[in-house]
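Visitor: Please show me how to read a few features of a protein model, giving the general idea before each case.

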Amino acid sequence: MTARERDLLGYGFRQPRVTWPNGARLAVSLNLNFEEGAELAVGDGDPRNEQFGEVQSIVPPGRRDLTLEEVFGYGMRAGLPRFLNAFERHRTKTTLMMCGRAVERSPEFARACVAAGHEPALHGWRWTSHVEFDDAEAERAEIRRGREAIERIVGVRPLGFMCRSSQSAHTRRLLTEEGFLYDSNALDDDLPYWDRASGVRPILILPYAFDTNDMKFYHPTGFRTPDEFLLYLRRALETLLAEADAGATRLMNVGLHLRIAGRPARFWAVERFLEDLSALGDRIWVATRADIARHWIAAAPA
């Protein structure tokens, strides 16, 4: 294994000036996580249950946690239709971070997302971190399994990848070898950038964000109300838009989850933010990650 070298400088003070296709300087990427059914669950034969949920589980180790399964189930049963309806009303396209196993368990929902024009990206076979993969070929098989499941069911080959949490020392090299267009396991910039040391070719990195992300409703120091979430999104949008108006190029990432922001009270914030984006018109470019990647590759090639 080779450790990924840390880069604390990035573009430094010479940031690229890229204009997005509609003339805007700020692109907004809405990312909807499609994970339900791919989480760890004793009921599915896993040694333990997922622990990250609405409430702290009190189910003893090794026992099936029906409550947590139903928390995840809500996301697919009620949250996904709510999101798809809102995206259609606002004529907005999103990137679906899809776990292969979740797609296999809810194929008609997965196909409905892609039929509506949303992008399928690979979020791993299971909703787990890749950091524990010491065997590169075992990780390669896991990546292929997830990608092939999604392609077989929805008819579109995922071009992007982001696993839960951290990657392994091999992941980015494997993505280049497997022909992925972009990698989103990065939290270190407001712009796409190239990783030239990852393998057989440079790969485009489209950073993600954990702060403009509804998962912080589950974090003890995170959002408590939908108003807090909406205010945070608006303040990020205002800051990036001001920088864009001054001539900088920027990318804003918003992370959403079916079972989290798909709940009625939290969805209020999603609706208001979609209204905000619509009102901005061509001052911003709301696009899928694949479209953002293609444009950046053409405008700022490696």
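Guide: Let us begin with touching residues: contact means that heavy atoms lie within 4.5 Å of each other. Please keep in mind that this is a predicted model, in which local features need pLDDT of at least 70 and side-chain atom pairs count only at pLDDT 80 or more, while totals for chains, interfaces and linings use all residues. Residues are numbered from 1 along each chain as its sequence is written, and side-chain values use heavy atoms, with hydrogens and water left out.

Visitor: Which residues does Ala 110 touch, not counting those up to four places away in sequence?

Guide: Apart from residues up to four places away in sequence, Ala 110 touches Phe 34, Met 98, Val 103 and Val 154. With Phe 34 the separation along the sequence is 76 residues, whereas the C-alpha to C-alpha distance in space is 8.5 Å. Ala 110 belongs to helix H3; helices (H or I, at least four residues) and strands (E, at least two) are DSSP runs, numbered from the N terminus.

Visitor: Is Ala 110 buried or exposed?

Guide: The terms rest on relative accessible area, with buried meaning under 20%, exposed over 50% and partly exposed in between (1.4 Å probe, protein chains only). Ala 110 has a relative accessible area of 0%, so it is buried.

Visitor: Where is Ser 106 placed?

Guide: Ser 106 is in the loop between H2 and H3, and it counts as buried because its relative accessible area is 13%. When residues up to four places away in sequence are not counted, Ser 106 touches Phe 34 and Met 76. Its C-alpha atom is separated by 9.8 Å from that of Ile 153, which is 47 residues away along the chain.

Visitor: And what is the accessibility of Arg 101?

Guide: Arg 101 has 16% relative accessibility and therefore counts as buried. Its place is in helix H2, residues 100–105, and its contacts, leaving aside neighbours within four places in sequence, are Gly 37, Ala 38, Asp 44, Trp 125 and Arg 126.

Visitor: How should I read two helices that pack together?

Guide: Two packed helices are described by the angle between their axes and the distance between the axes. Axes are lines fitted to C-alpha atoms, for helices over the stretch in contact, with angles running from 0 to 180 degrees between N-to-C directions. Here H1 and helix H3 (residues 107–115) pack at an angle of about 10°, their axes being 11 Å apart, and that makes H1 roughly parallel to H3. On this scale, angles under 35 degrees count as roughly parallel, over 145 as roughly antiparallel, 65 to 115 as roughly perpendicular and the rest as oblique.

Visitor: Which residues of H1 and H3 make the contact?

Guide: H1 contributes Met 76, Arg 77, Leu 80 and Leu 84, while H3 contributes Phe 109, Ala 112 and Cys 113. These residues divide into 6 nonpolar, no polar and 1 charged, where Ala, Val, Leu, Ile, Met, Phe, Trp, Tyr, Cys and Pro count as nonpolar, Asp, Glu, Lys and Arg as charged, and the others, Gly among them, as polar.

Visitor: How many aromatic pairs does the structure hold?

Guide: The structure holds 12 aromatic pairs. Rings of Phe, Tyr and Trp (its six-membered ring) pair if their centres lie within 6.5 Å, and planes under 30 degrees apart count as stacked, over 60 as edge-to-face and the rest as tilted. One of the pairs, formed by Phe 223 and Phe 229, is tilted, at 5.1 Å centre to centre and 50° between the planes.

Visitor: Over which ring does the charged end of Lys 216 sit?

Guide: A charge sits over a ring if NZ of Lys or CZ of Arg is within 6 Å of the ring centre and within 35 degrees of the ring normal. The charged end of Lys 216 sits over the ring of Phe 223, 5.8 Å from its centre, and that of Arg 263 sits over the ring of Tyr 74, 3.5 Å from its centre.

Visitor: Where does Leu 191 lie?

Guide: Leu 191 lies in the loop between strand E5 (182–183) and strand E6 (193–195), and is buried, with a relative accessible area of 0%. Not counting residues up to four places away in sequence, Leu 191 touches several residues, including Tyr 11, Thr 249, Arg 250 and Trp 296. Leu 191 and Arg 250 are 59 residues apart in sequence and 5.8 Å apart in space, C-alpha to C-alpha.
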